[in-house]
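The structure is shown first, and the description follows.

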Amino acid sequence: MVQRHFLLVTFPAQGHINPTLQFAKRLISLGAHVTFATSVSAYRRMTKSSPPPNGLSFASFSDGYDDGVRPEDDPENYLNVLKQNGSKTLTDLIVSSANQGRPFNCLVYTVLLLWAADVARELHVPSALLWIQPAMVLDIYYYYFNGFANVISEDTKDPSCLIQLPGLPLLTSRDLPSFFLASNTHAFALPMVQALIEALEKETHPRVLVNTFDALEPKALTAIKKLNLVGVGPLIPSAFLDGNDPSDKSFGGDLIQSFGGGEEMRRNAKKWKELAREAAKEGGSSYNNLKAFVDKIGEGSC
């Protein structure tokens, strides 16, 4: 059986790199080889405390800011340069790998990197989105750009106002992504999410791999009928989840020092930890979902 080869492309930020690295480890556990690609500056800062597991290799690409992004840098210009430089580098990487007899069977990308899917399409490589946030967050964005913008925008002005969206529990403004709030300073974010959702809608029943598990978000995973949301999480180190790899105690991509959570984060921790373990272990929902995705690659599509 030919070993499947995945190209994972992630935005060079802590919250994107960590879950994508864990996703890479899950793919490897199912017999795949993974090439993990991110920017030069992020790769240089990633923790190198232990060698990568067998089956994982790294590729870095220039985002035009190889010494890192400074607070005063314009984010929209950064994203434009990232797209321009990253597209060329990914194209070269995919073509080179194919010429060496190690073609990529599927490209998986994270949010803000829709251009990576464009590169894959141009080179006839199947692609899939890895949504690193909960399914409900994607649902909220989807509804915002599909007829519920006024409902969501109006209700952000009153914290006590309840927001009703199809298939989801009642929400308040505190449950919404911060990009919807008046305090949002990242004007570029919503248009990029809108472009992502519009691109997904053009596909035939697109599969979106989500950092969640079925028991945690059963309604959110099925609320949007046009999107096939598949829970493959939680994407956290094995030592804290299924225990299959006790040495896997860190994400391996730490750009900043981690810190502990508050008391609220510990509520119901034992219950959800057990459910998460059930989902991730062999035969669990996330395990089966990911295995089905990998098996589908053998049929020539994501």
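## Salt bridges

Arginine 44 and aspartate 67 are both exposed (over 50% relative accessible area, with buried meaning under 20% and partly exposed in between; 1.4 Å probe, protein chains only). The model is predicted: local features need pLDDT of at least 70, side-chain atom pairs count only at pLDDT 80 or more, and totals for chains, interfaces and linings use all residues. Residues are numbered from 1 along each chain as its sequence is written, and side-chain values use heavy atoms, with hydrogens and water left out.

In the whole structure, 8 salt bridges are found (a side-chain nitrogen of Lys or Arg within 4 Å of a carboxyl oxygen of Asp or Glu). Three of them, including that of arginine 44 with aspartate 67, are tabulated here.

| Salt bridge | Closest N and O atoms |
|---|---|
| Arginine 44 and aspartate 67 | 4.0 Å |
| Glutamate 72 and arginine 70 | 3.7 Å |
| Aspartate 73 and arginine 70 | 3.2 Å |

Shared partners join Arg70, Glu72 and Asp73 into one network.

## Aromatic pairs

Phenylalanine 36 belongs to strand β2 (residues 33-39) and phenylalanine 58 to strand β3 (residues 56-61), 22 residues apart; helices (H or I, at least four residues) and strands (E, at least two) are DSSP runs numbered from the N terminus. Phenylalanine 36 is buried at 0% relative accessibility, while phenylalanine 58 is partly exposed at 31%.

Phenylalanine 58 also forms a tilted pair with tyrosine 43, with 5.5 Å between centres and 40° between planes. Because tyrosine 43 lies in helix α2 (residues 40-45) and phenylalanine 58 in strand β3, the pair ties together parts 15 residues apart in sequence. Tyrosine 43 is partly exposed, at 29% relative accessibility.

Elsewhere, ring pairs link Trp131, Tyr141, Tyr144, Phe145 and Phe180 into a cluster.

Notes. Phe/Tyr/Trp six-rings, centres within 6.5 Å; stacked < 30°, edge-to-face > 60°.
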